[in-house]
Amino acid sequence: MAPSRATTLAGIERLLSSAGVGAWLRSNACTWPAFFAALPGLCGVLPAEELLQLIPLKKARYYSIASSPRRMVGLLDVLVGLSGDEAYPGQASSFLHSARTGDGVDFRIVRVPSFRLTWGFAPMRSFIQEREALIAEAVNVGAKPRLPPLVLVTGYRCEAEELCTAELDAALASGAVTEWHRAISRPTPPIQKRYVQDVIRSPQVAARLRKLLMDPIRYSDAAVYICGGNDMAIGVAAAVREVIDDEAWKRLDDAGRYHAEIFSPAKASN
């Protein structure tokens, strides 16, 4: 005698909520092909919409917008990276990488009340594009662009990981970026090994930061934006505190102008 529908549902629910299976379902390793390969007995047992209701939902995957609406009206960019780990490929990023021109992608734009980086360079790129658009608008009406300085420090393990280098060269030429300093922790000789905190302590950058962060009159709104791993963020905060005095650091911190989005190393992004 075939089991009743209620018995079938209860059995499937117990299976999917068990410790080992539940953890696997929530992991990036669980794709739909992997799901049915691992649990072939569920194929055809329930309609897909009912099966979906029993499977734990995964967290939404957020990407920072990497473009300015002032420059790209009606369009937006995101920067998507793959982990390279076949066991943890990242479902959302893998899907976007496999998409082709004309494919439909459902998404929603979420406003956040404070600085939040979900992919390190993406919001920086949008900031720079906004400045480029403001410069172009001023030039088009014969005005002189008046923008505060923007000092950018990028940090990567090797040169091959660097993003948008041609765009940044153009931004330097246009004045959208005032200074761009690069830190490579595992460079190809003869490039010198440097971390972001080493760049901050260098005489040129330290002098610029003191000028921007220690003048409460001229640069009262100057802010620092950091995104990266925990060790890097700790090192950068220590370097900034060495470069500027305690009073300037307190003003920066009290006013909420030191923004840090810190993440711990993980096997892969979703």
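The following conversation concerns a predicted model of a protein chain.

User: What helices and strands does the chain have?

Analyst: This predicted model contains 11 helices and four strands.

User: How many residues are there, and what share is buried?

Analyst: The chain has 270 residues, and buried ones make up 31% of them. Its accessible surface comes to about 17000 Å², with 56% of that belonging to carbon and sulfur atoms. Among contacts with a separation of 6 or more, 68% join residues 24 or more positions apart.

User: What is the mean pLDDT?

Analyst: The mean pLDDT of the chain is 83, and 77% of the residues reach 70 or more.

User: Where does pLDDT stay under 50?

Analyst: That occurs over residues 265–270, for which the model has 17 contacts beyond four places in sequence. Where pLDDT is low, predicted coordinates should not be read in detail.

User: Turning to helix H9, which of its residues are buried?

Analyst: In H9, residues 203–213, the buried ones are Val-205, Ala-206, Arg-208, Leu-209, Leu-212 and Leu-213. They fall within an arc of 165° when seen down the helix axis, so they line one face of H9. In general, an α-helix has 3.6 residues a turn, so residues three or four places apart point the same way.

User: What covers the buried residues of H9?

Analyst: The cover includes strands E1 (151–156), E2 (179–184) and E3 (224–229), together with helices H8 (196–201), H10 (230–243) and H11 (246–254).

User: Which residues of the largest nonpolar core touch the most other members?

Analyst: In this core of 22 residues, they are Ile-200, Leu-213, Val-236, Val-240, Ile-244 and Tyr-258. At least two core residues come from each of H8, H9, E3, H10 and H11. H9 gives the most, with five residues.

User: And what does Leu-213 touch?

Analyst: Leaving aside residues up to four places away in sequence, Leu-213 touches Ala-222, Val-224, Val-240, Ile-244, Ala-248, Arg-251 and Leu-252.

User: Is His-181 buried or exposed?

Analyst: His-181, which has its place in strand E2, has a relative accessible area of 11%; this is under the 20% limit, so the residue counts as buried.

User: What does the side chain of His-181 contact?

Analyst: The side chain of His-181 makes a polar contact of 2.8 Å with the side chain of Glu-179. Beyond four places in sequence, His-181 as a residue touches Val-151, Leu-152, Val-153, Thr-154, Val-199, Gln-204 and Val-205.

User: Now Glu-242: buried or exposed?

Analyst: Glu-242, found in helix H10, is exposed, with a relative accessible area of 54%.

User: What joins the side chains of Glu-242 and Arg-201?

Analyst: A polar contact of 2.8 Å joins the two side chains. Glu-242 and Arg-201 are 41 residues apart in sequence, and their C-alpha atoms are 7.9 Å apart in space.

User: Backbone geometry next. Which peptide bond is cis?

Analyst: The bond from Pro-189 to Pro-190 is cis, with omega near 10°. Pro-190 lies in the loop between E2 and H8.

User: What is the phi of Cys-164?

Analyst: Cys-164 is not a glycine, yet its phi is positive, at about 55°. Most residues other than glycine have a negative phi, and most peptide bonds are trans. Cys-164 lies in the loop between E1 and helix H7 (165–174). With 21% relative accessibility, Cys-164 counts as partly exposed.

Conventions:
Residues numbered from 1 in each chain as written. Predicted model: local features only at pLDDT ≥ 70, side-chain atom pairs only at ≥ 80, totals over all residues. Heavy atoms only, no water. Buried < 20%, exposed > 50% of the residue type's maximum accessible area, 1.4 Å probe, protein only. Contact = heavy atoms within 4.5 Å. Areas by Shrake-Rupley, 256 points an atom, 1.4 Å probe, with all protein chains shown as cover. Arc of directions from axis to C-beta. Core = buried A, V, L, I, M, F, W, Y, C linked by side-chain atoms within 4.5 Å. Polar contact = N/O pair within 3.5 Å; in protein donor to acceptor, adjacent residues only side chain to side chain. pLDDT = per-residue confidence, 0-100.
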